[in-house]
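User: I would like to go through some of the labels used for a protein model. Please set each value against its definition.

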Amino acid sequence: MAETPWLTIVGVGEDGPDGLPPASRRALEAAEIVMGPARHLALLPDLAAERIEWPVPFADGLPILQGLRGRRVAVLASGDPFWFGAGSVIARHFAPGDWHALPGPSVFSLAAARLGWRLETTRCAGLHAAPFARLRPDLAPGSRAIVTLKDGAAVAEFAAFLTGAGFGDSRLHVLEALGGPRERIRETTARAMDLTGIAHPVAVALELAGEGPAIPAASGWPDAFFDNDGQITKRPMRALTLSALAPLPGEHLWDIGGGSGSISIEWLARHPRMQATAIEVDPERARRIAANAAALGVERLRIVTGRAPEALDGLAAPDAVFVGGGLSQELLQALWDRLAPGTRIVANAVTLESEALLALWHAAHGGELLRIELAEARPLGRKRGWRAAYPVVQWTARR
């Protein structure tokens with residue numbers, strides 16, 4: 001790393017210069033240019049350096065910053081620039097030796113300090129530029145979360161989202177301009193939210209309560225969470241399939257024959273760095289996959305409308321592949337020819353023809369072959385009986 005990086009990222013709080021530690025003060029005093037959003041620049045009125053206001057959208061400021069290379073530059077960011085802040089974006093566009101960072105307390109730290117909450121057990125999310133549904137997997141009675149929002153008006157929108165999801169009884173702590181002279185904390189519930197004049201920057205700390213359906217932490221979510229036309233891997237079979245796929249953090253899944261997207265969506269929910277590509281030939285089902293993912297707060301899902309194996313061309317290589325539809329000799333051979341050694345393959349079959357195909361591939365390439373038979377208790381006259389589902393044959397192997 002260079003001894004003296006030309007770029008310093010300085011975390012600034014609502015208390016402006018009063019809250020800056022000595023190292024941050026020295027960086028600003030030594031800077032030839034200070035660049036940041038208008039609100040942050042206004043917090044530091046006595047700067048001797050040239051000021052450049054960071055434009056909107058944020059990406060437009062990166063070329064300007066690149067053009068300042070070689071001069072002593074300080075960039076202002078809110079609190080901790082690397083916790084839902086601008087720091088990580090800037091760091092991606094500059095070499096490690098170009099910059100260093102001097103973070104301040106994050107809004108999440110300040111909120112936890114005001115409320116006495118354990119930050120390590122509280123869900124923290126930046127929703128100032130993201131859909132509220134990102135929080136959907138965390139909506140469960142008794143849970144706590146702290147979220148940042150775009151502006152004061154977004155608080156009512158967020159409360160409506162919680163109420164619509166069945167969590168209108170959740171207690172909201174509306175935290176305005178934390179750490180500065182305008183700081184204010186007010187309480188309400190999502191259902192009764194009628195606060196006005198909410199100052200920016202704003203965060204909301206919530207204690208979740210209500211009768212809304214919570215998404216289980218285990219694999220095999222209830223089928224009702226997924227809008228579908230019947231083309232769905234049902235809950236018990238989905239749990240077994242995800243167990244066979246054995247997702248690891250950061251891995252990429254090809255979900256061939258995506259249907260409702262249930263396998264891809266649950267795969268992505270296992271860890272925030274997971275990735276998935278759903279391949280679905282039916283355009284209406286492809287749109288349904290996208291809608292299900294959005295409603296359930298799942299991101300990093302790419303949807304390809306087309307038929308495998310042709311639709312696989314140009315896709316990033318997977319770590320695991322699930323074949324839930326379109327199973328054929330041609331598809332299996334194409335996968336075997338193109339996948340890297342060690343890639344996991346899971347294929348489910350229902351018809352006699354597809355069962356026979358998997359039996360042949362198991363004999364040729366090994367792996368595990370399971371026959372799964374499930375039955376559900378249903379009314380039978382005035383009593384009950386077992387109604388069996390079609391048996392499923394599942395082949396699991398490594399390329």
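Predicted model: local features only at pLDDT ≥ 70, side-chain atom pairs only at ≥ 80, totals over all residues.

User: What makes Trp221 and Phe225 an edge-to-face pair?

Analyst: Rings of Phe, Tyr and Trp (its six-membered ring) pair if their centres lie within 6.5 Å; planes under 30 degrees apart are stacked, over 60 edge-to-face, and the rest tilted. The centres of Trp221 and Phe225 are 6.4 Å apart and the planes are at 70°, so this pair is edge-to-face.

User: How many aromatic pairs are there in the whole structure, and why is the pair of Phe84 and Phe108 called tilted?

Analyst: The search finds 14 aromatic pairs. Phe84 and Phe108 have 5.4 Å centre to centre and 55° between the planes, which makes the pair tilted. Phe84 is in the loop between strand E4 (73-78) and helix H4 (87-92) and Phe108 is in helix H5 (residues 107-115), so the pair ties together parts 24 residues apart in sequence. Helices (H or I, at least four residues) and strands (E, at least two) are DSSP runs, numbered from the N terminus.

User: How do you know whether Phe84 is buried, partly exposed or exposed, and what about Phe108?

Analyst: Buried means under 20% relative accessible area, exposed over 50%, and partly exposed in between (1.4 Å probe, protein chains only). Phe84 has 37% relative accessibility, so Phe84 counts as partly exposed. Phe108 has 1%, so Phe108 counts as buried.

User: Why are H10 and H11 described as roughly parallel?

Analyst: Axes are lines fitted to C-alpha atoms, for helices over the stretch in contact, and angles run from 0 to 180 degrees between N-to-C directions. Angles under 35 degrees count as roughly parallel, over 145 as roughly antiparallel, 65 to 115 as roughly perpendicular and the rest as oblique. The axes of H10 (residues 329-338) and H11 (residues 352-365) come within 11 Å and cross at roughly 30°. H10 and H11 are therefore roughly parallel.

User: What makes H7 and H8 oblique instead?

Analyst: H7 (residues 235-245) and H8 (residues 262-269) pack at about 55°, with their axes 11 Å apart. H7 and H8 are therefore oblique to each other.

Definitions and conventions: Residues numbered from 1 in each chain as written. Heavy atoms only, no water.
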